[in-house]
There are 2 protein chains.
Amino acid sequence: MTSIIKNFPGRHHDHAACIESALEQAVTLCRERGARLTPLRRRVLEIVWESHAPLGAYDALQRMNAGGERNAPPTVYRALEFLLEHGLIHRIESRNAFVGCTTPGNSHKAQFFICRDCGNVAETHSEEIGEAIKASATRTGFLVEKPVVEISGRCLKCHDDE
Amino acid sequence: MTSIIKNFPGRHHDHAACIESALEQAVTLCRERGARLTPLRRRVLEIVWESHAPLGAYDALQRMNAGGERNAPPTVYRALEFLLEHGLIHRIESRNAFVGCTTPGNSHKAQFFICRDCGNVAETHSEEIGEAIKASATRTGFLVEKPVVEISGRCLKCHDDE
DNA sequence: TTTAGCTTTGCTATAGTATAATATATCTAT
DNA sequence: ATAGATATATTATACTATAGCAAAGCTAAA
């Protein structure tokens, strides 16, 4: 069932299955919640999932309109907002872009590793990072609400290929 | 000498001294490096330091032009770029905004705590967070280059005042 | 002290990201 | 079938950022 990849996509990553799995999970999750995954929203999710690299809103819009449609920016932004609310995608703040969530429904605090070469993102959920942030916050006199942890660098595949 | 505050500004924070100290440190650091802290760049640094909250580029521009000047966006962006290069300010990715660096010259990896109420930012340099990120990166197969750690929440002062 | 080369600033235009506001359409539950 | 709520369409505009080139200023060597 869960064939969404967790770390960086390997050499034999079956991305068609990956997308399919993400969409299936989204359908299930929305049904459970009574949220309406309309064709438009579903289409945007599918587009975001076309790769493991963060996609800009206007890039998504271009893909939506590739067949001659005339969707305007608010349309894609509203769809993205819905997908964010339901934890189906993440916003990558340091890129002004969006990426599919690998663990929809468990939308706790995540960290993102973003390869500067291939652009792919790996999502982790490290307790250790979360705890370290909490400890530092306490020392600083701060109550954590929304941690943004986005690490740029290189994935091993790109490093090895260099 | 170093009167730049490290955590959130307290009730009796002397901000005039805080700005002065930041500018002094900048002058010293640029002299050491042979970098040219021109009046324009110095002015932008001063504006960024007017508060402990991240300031947008266009807000800085407005302040620069408050006396009727006609500086254009590239001018402020170039000054900000210079200040970033020399570690005198930080860019807060999640806000598209800039804040003074509290430890210029030691421009290692920093973490930022950003209060959603007062907007103030505290800068920390937690080894623990850095190590936790490194460990998670290793498990994920990733080489860290530029970690972005920006935590939104509330500072204790705002929490207590509520 | 003049000139050549480099750095900085000025200026215009444009690209890229995001949302306000209002109108229309669609869905859901009675 | 209809009322109320939700979703989509459309236009306009705000906000963020950079490309490209011209002019001015600085620095160092002759």
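Mentor: Asn96(B) lies in the loop between β1 (89-92) and β2 (97-100) of chain B, where strands are DSSP runs of E with at least two residues, numbered from the N terminus. This is a predicted model, in which local features need pLDDT of at least 70 and side-chain atom pairs count only at pLDDT 80 or more, while totals for chains, interfaces and linings use all residues. Residues are numbered from 1 along each chain as its sequence is written, chains are lettered from A in the order in which they are written, and side-chain values use heavy atoms, with hydrogens and water left out.

Trainee: Why does Asn96(B) count as partly exposed?

Mentor: Buried means under 20% relative accessible area and exposed over 50%, with partly exposed in between (1.4 Å probe, protein chains only). Asn96(B) has 40% relative accessibility, and therefore counts as partly exposed.

Trainee: What is the phi of Asn96(B)?

Mentor: Its phi is near 45 degrees, a positive value in a residue other than glycine. In chain A, Asn96(A) has a positive phi near 50 degrees.

Trainee: What makes strand β3 (residues 111-115) of chain B largely enclosed by the rest of the structure?

Mentor: Five of the five residues of β3(B) are buried, so the strand is largely enclosed. Gln111(B), Phe113(B) and Cys115(B) point one way from β3(B), while Phe112(B) and Ile114(B) point the other way.

Trainee: How do you know that β3(B) pairs with strand β4 (residues 121-124) of chain B?

Mentor: Two strands pair if DSSP finds at least two bridges between them, and four bridges join β3(B) to β4(B), which run antiparallel.
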